[in-house]
Structures are given as C-alpha cells and as structure tokens.
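Open the structure in your viewer and keep the selection panel at hand. The stops below say what to select and what is there.

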Amino acid sequence: MDDPPRTPPAPPAFRSGIVTLAGPPNAGKSTLLNRILGEKLSICSPKPQTTRHRLLGVCHRPGAQILFLDTPGVFHARDRLNRTLVETAWAAVAEADVLLIVLDAARPASASERLLAERLKTIARPVVIALNKIDLLPDKSGLLPLIEHWAAEVRAATLVPISALEGTQVEELLQALSAALPEGPPYFPEDALTDAPLRFLAAEWIREKIFAFTGEEIPYAAAVTIETFEEAPTGNRIRIEAIIHLERESQKGIVIGRGGAMLKKIGTAARLELERLTGKKVFLRPTVRVERNWRKNERAIRRFGYGAPPGDPSRGLRPRQTMSGE
Ligand SMILES: Nc1nc2c(ncn2[C@@H]2O[C@H](COP(=O)(O)OP(=O)(O)OP(=O)(O)O)[C@@H](O)[C@H]2O)c(=O)[nH]1
Ligand SMILES: [Mg+2]
C-alpha cells in the first residue's frame, strides 16, 4: 500500500534580535564581542572601565542574525562621567531581546554582580550567563559554587562557562543565544559588521592606545574627538585629525612624551589598525588639548559623545514595534 503523501517539514524559522552584553567592568564583554565577530571592533584593555559607548556588532549565523550590543561595565558609579556610562549600559539592557551577562569567573566582582542581580529581577527577558575567563581557573571545580549561586539568583538563566580569550565554548554560547532569540528577519545585510561610522572607531582606537601605553589616571582623563575625517575622491586614502582631550597640563606632557614620542606611538598604533580594517592608506594626526576637569562637566561629557542618545534609544536599529517592550 502506498504511503500517504507527506508535507515536507517546515524549515526551522530564522531568528533575530538584540543581545545586550552586560556585566561588571573588566569581565571580558568587549573581548567576547570581538571573538564572536572574528574582528577587532570594540576596544579592550586589562584596565577596568574601558568601554564608554553602546556599540553594535552584527553576528551572522546560518539560521540567525544576532545584534550584539557591547556596553560599559556596570558598578556603583559616583562621579558624573561614570554615572553617565552606567546609564548607557542600562539603556542598552532595556533594548535587549536576550541578555548576555558576562562575569569574570576567576575574579567575581561582588558589588557589581549584586547590582546586576537586583536589576535582572525587574527584567522579564531570557538571560544567558557567560562565566568567562575559565582558562584562568586552575581547577574547573571552582566553577561549581558560581554556577549554583547564579542558578539560584536568576532562575531561568542558561549558564555557559567560556573563555573569550581562547574561544572555548563560544560556539555553545552562540547556540544558546540563537535559541533564545525571537523569530524574525535579518535586519542588516550579510556583510554588515556594525552601524558605527569609521570616524567613531578611529576615535575609539586612539583611546584604546592611550589605555595601552599610558598609566595611572591618564586613560580615564582622556576623551578623543575627530575634527576632520576626509576620504580622498579616489577612495583609497583617509585623512583624520583627532583631538585627545585631557584634564590637566601635566597629563598633556605625558601623552605628548619626550620630543612627541608618546603621541607618535599612540597615533601609529591606531593608524595601523585603521589601515588593516579599511585596506586604505590612513593619515592620522592626533593633537592634545586640555579641557579642565571635563569629567565633572555635563556639557563636556555630552560634547565628547558620551551618554545615551536622546530620543529613541533604538537609534533606528530596527523598527520600534518589533522590540519586546519594557
Ligand atoms: N585570561 C583571560 N582574559 C580575558 C578573557 N576575556 C577577557 N580577558 C581579559 O580581560 C581584560 C578585560 O577585557 P575587556 O574585554 O576589555 O573587558 P570589558 O568587560 O569589556 O571591560 P569594560 O569595557 O572595562 O567594562 C582584558 O585584559 C582581556 O584580555 C578570558 O577569557 N581569559
Ligand atoms: Mg569593554
């Protein structure tokens, strides 16, 4: 007897949405984003409080498009700039379809983690918790108390131990995130990496080199703005004039360095990365300016581009009605 005709099974639905990376400073959020994208996009450093913006990175997978938002670390901020940065992080958390909490499994940051746990109680979203830096754990049994703690703290959370630096279990993490996303279309074309303009990345990468090459309070007192960004009509050269804003004359001396050596080192390192990303010849001229105590000055903070953008927090990332509400 013939089998009755069968309708072929429907292909699995395409999934898409926003995954916000949130966590204490220095947990490895930006390192994880870069690892996932396979590109250096977000700036990283061993010093805490490196990221100051909400930065989109688009991850393309066979059945899903994940719009990752990197954010500044959350902690009990006291000064004006840091309060602004933590607000930026919470605004990106509110945009999420799925929250990806990144924690440093090797060095839990209890106060920031309590802050996060409290906030998670008020947010009805799927939560995935990445217990990062497992490469630093001599004995993986050290993870157990952490897993038990977070499983009790956030009931329905999926926990994935990872190493963002080495790539361990990052694929498993991506599978858990894709499965938690709602069904939806891709929002960006297949080759999209971010919606951030190149001039933004240029400013950020200069700031990263200041984090890498200077110490003490200097990276924290530095902001970078781009004054000129010109692409040659032939399209193969970019000329960038950047200003590094610092809080005091003494900091200016250090960033310029003896005979301009430090400024040259910062500029060259940032230029090489920009050339690698764009495949173009880049002329980068950084100069240094003092804007006294700008971190205490709300207007300067906004002028340097910090703080959640006013108005629609989705900044046109995708149509408002498709976002799960809060
Ligand atoms: N050993 C190890 N180090 C890591 C791992 N992930 C990140 N790091 C390091 O941790 C430091 C902080 O990484 P970031 O990615 O800048 O951390 P972040 O959470 O973005 O920090 P903020 O932007 O300051 O909030 C850097 O020195 C990274 O190299 C990991 O899996 N293992
Ligand atoms: Mg970061």
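The tour goes from the domains to their interface, and then to the ligand.

Before starting, note that this is a predicted model, in which local features need pLDDT of at least 70 and side-chain atom pairs count only at pLDDT 80 or more, while totals for chains, interfaces and linings use all residues. Residues are numbered from 1 along each chain as its sequence is written, chains are lettered from A and ligands numbered from 1 in the order in which they are written, and side-chain values use heavy atoms, with hydrogens and water left out.

**Stop 1: the domains**

Select residues 15-192 for domain 1 and 198-303 for domain 2; these bounds come from an automatic or database domain assignment. Taken over C-alpha atoms, the centres of domain 1 and domain 2 are separated by 27 Å. Domain 1 puts 17 residues into the contact and domain 2 puts in 24, where contact means heavy atoms within 4.5 Å.

**Stop 2: the interface**

About 1,800 Å² is buried between domain 1 and domain 2, with 54% of it on carbon and sulfur atoms. Buried area is the accessible area (1.4 Å probe) that two parts lose on being put together, summed over both.

Which residue forms a salt bridge with Glu273? Select Lys40: its closest N and O atoms with Glu273 are 2.7 Å apart. A salt bridge here is a side-chain nitrogen of Lys or Arg within 4 Å of a carboxyl oxygen of Asp or Glu. Across the interface of domain 1 and domain 2 there are three salt bridges by this rule.

**Stop 3: ligand 1**

Now select ligand 1 and the 22 residues around it, of which Lys29, Thr31, Gln49, Thr50 and Asp135 come nearest. A residue is included if one of its heavy atoms lies within 4 Å of the molecule.

- Gly28: a backbone N or O atom lies 2.8 Å from an oxygen atom of ligand 1.
- Ser30: a polar side-chain atom lies 2.9 Å from an oxygen atom of ligand 1.
- Gly73: a polar backbone atom is 3.3 Å from an oxygen atom of ligand 1.

Notes
Polar contact = N/O pair within 3.5 Å; in protein donor to acceptor, adjacent residues only side chain to side chain.
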